[in-house]
Amino acid sequence: MTWLDENSHVRSIRAGAADLNGQARGKRVPVRFARKIEKDGMRFPLSVLNLDIWGEDVEDSPLVFEVGDPDGVLRPTERGYVPMPWLATPSALLPMWMYTEEGAPFDGDPRHALARVVDRFKARGWTPVVAFEMEFYLIDDSGKEIQQPKSPRSGKRRPGAEILSLRALDAFDNFFNDLYDACEAMDIETEAATSEVGLGQFEMNLVHVEDALKAADDAYLFKMLVRGLARKHGMAASFMAKPYEDYAGNGLHVHFSILDKDGKNIFADGSFEGTEELRQAIAGCLRGIPDLALCFAPHDNSYERLVPESHAPTGICWAYENRTASIRVPGGSLAARRIEHRVAGGDVNPYLFLAAVLGSALTGIEDQMTPPPPISGNAYEQEMAQIPDTWELAIDRFEHSFLAERIFPRLLIDNLVMTKRQELLYLDELSDEEKLELYLDTV
């Protein structure tokens with residue numbers, strides 16, 4: 001019996017894929033057409049995965065008028081159907097990814113970009129084990145200025161940030177109960193939820209999985225779910241990197257280790273320092289930060305988060321058990337040695353982000369790179385190379401990066417650069433209020 005047979009109450013299907021900005025692009029179809037989509041896929045312009053943040057064509061894109069704006073074929077991913085609990089009518093999402101007319105994976109599809117990196121690991125008999133930490137704000141955006149929502153229990157607004165506060169979590173107990181239930185229904189394995197530094201800011205940890213594509217799918221679907229469910233509860237939810245000028249931004253951290261063909265963690269050897277492969281992977285991640293910053297900070301607002309003393313890294317460095325570093329080796333069991341990449345904001349495309357992280361780590365191992373010594377103390381107070389601090393610089397570095405070409409297809413690099421240059425041009429014309437409205441519950 002199929003998923004649709006078991007869920008005969010579902011009335012409509014959303015079939016779609018993630019574009020380069022991580023936006024879901026697709027179609028709404030009656031459920032009676034679902035079998036045809038499963039079998040034949042769905043024709044869709046290739047250019048739709050290369051739209052700007054407003055959903056507009058990228059000017060002079062080689063995918064549009066130059067070649068007649070041809071179709072590709074969206075085909076279902078291995079994920080299968082997932083329910084959409086934030087909608088009033090029973091509905092299901094069928095995640096897709098893009099192929100060419102000839103049946104080849106489309107180079108402009110961000111999920112295929114991650115699959116290419118995973119294939120490089122598979123060729124070595126290795127499996128990345130990945131977990132995301134997702135930060136977001138719950139926001140009352142009903143007025144002229146955004147503010148933390150009123151507690152559904154007391155009707156009052158929290159007067160200040162409450163780090164790791166159970167009271168703050170309990171104030172939104174109904175929302176989090178629904179969120180956990182929805183994650184279970186969507187096969188998104190979640191662990192702890194915590195109250196974070198900002199007003200109305202929370203974090204939820206996703207479980208480590210031995211499937212990088214599923215991990216990225218989970219992060220992509222989680223963002224969609226949280227935004228939709230918050231609206232159902234009368235609020236907005238935002239993964240925007242820096243929605244409030246005076247409070248911490250939203251990060252999206254990833255933890256990863258690598259298993260060999262025998263299931264052994266190649267980063268662990270029983271010592272505190274870990275293996276040579278651990279240090280090589282760290283060196284690759286450090287090398288990738290300046291060249292791949294566009295994957296970690298893809299929007300104009302992203303760079304407002306990457307400032308000193310803001311709970312976001314600014315220096316390119318690594319350390320054991322130090323949250324001021326951009327690359328951290330967490331404490332805990334020596335057998336579970338892993339890397340935490342702390343640069344990205346919550347506004348990233350999870351597929352491009354994870355491809356950049358895993359791709360740079362693997363390149364470090366392939367090239368037997370050596371990292372500098374780990375730092376100790378406050379990274380903000382030390383002299384070191386800095387993460388690109390402007391959007392324009394990140395775009396330029398990504399366009400001309402040899403490392404980016406080892407990880408991403410040239411078509412994707414060119415398309416992303418064109419997209420971001422177009423956004424850079426038009427965002428210069430917007431006020432801060434207009435930028436906030438654009439990004440708040442979009443990214």
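Select Cys183 to begin: this residue is buried, with a relative accessible area of 1%. Here buried means under 20% relative accessible area, exposed over 50%, and partly exposed in between (1.4 Å probe, protein chains only). The model is a predicted one, in which local features need pLDDT of at least 70 and side-chain atom pairs count only at pLDDT 80 or more, while totals for chains, interfaces and linings use all residues. Residues are numbered from 1 along each chain as its sequence is written, and side-chain values use heavy atoms, with hydrogens and water left out.

**Helix H5**

Next, select residues 173-185, which form helix H5. Helices (H or I, at least four residues) and strands (E, at least two) are DSSP runs, numbered from the N terminus. The buried residues of H5 are Phe175, Phe176, Leu179, Ala182 and Cys183. They cover an arc of only 125° around the axis, so they lie on the same side of H5; the arc is that of the directions from the helix axis to the C-beta atoms. Turn to the other side of H5 to find Asn174, Asp181 and Glu184 exposed.

Now display what surrounds the buried residues of H5. They pack against several elements, including strand S7 (127-139), helix H4 (166-171) and helix H6 (212-232), where contact means heavy atoms within 4.5 Å.

**Salt bridges**

Asp187 also belongs to a network of salt bridges that links Arg79, Asp187, Lys214 and Asp218. A salt bridge is a side-chain nitrogen of Lys or Arg within 4 Å of a carboxyl oxygen of Asp or Glu. By this rule the count comes to 31 salt bridges.

Select Asp217 and Arg111, whose side chains meet in a salt bridge (2.8 Å, N to O). Asp217 lies in helix H6 and Arg111 in helix H3 (residues 110-123), so the pair ties together parts that are 106 residues apart in sequence. Asp217 is buried at 5% relative accessibility, and Arg111 is buried at 4%.

Move on to Arg120 and Glu366, another salt bridge (2.8 Å, N to O). Arg120 is in helix H3 and Glu366 in helix H10 (residues 350-366), 246 residues apart. Glu366 is partly exposed, at 31% relative accessibility.

**Cysteines**

Finally, look for disulfides: the structure holds zero, a disulfide being a pair of cysteine sulfur atoms within 2.5 Å. Select Cys317, which is in no disulfide; the nearest cysteine sulfur, that of Cys285, is 13 Å away. Cys317 is buried, with a relative accessible area of 4%.

Notes. Expected span 1.5 Å × (residues − 1).
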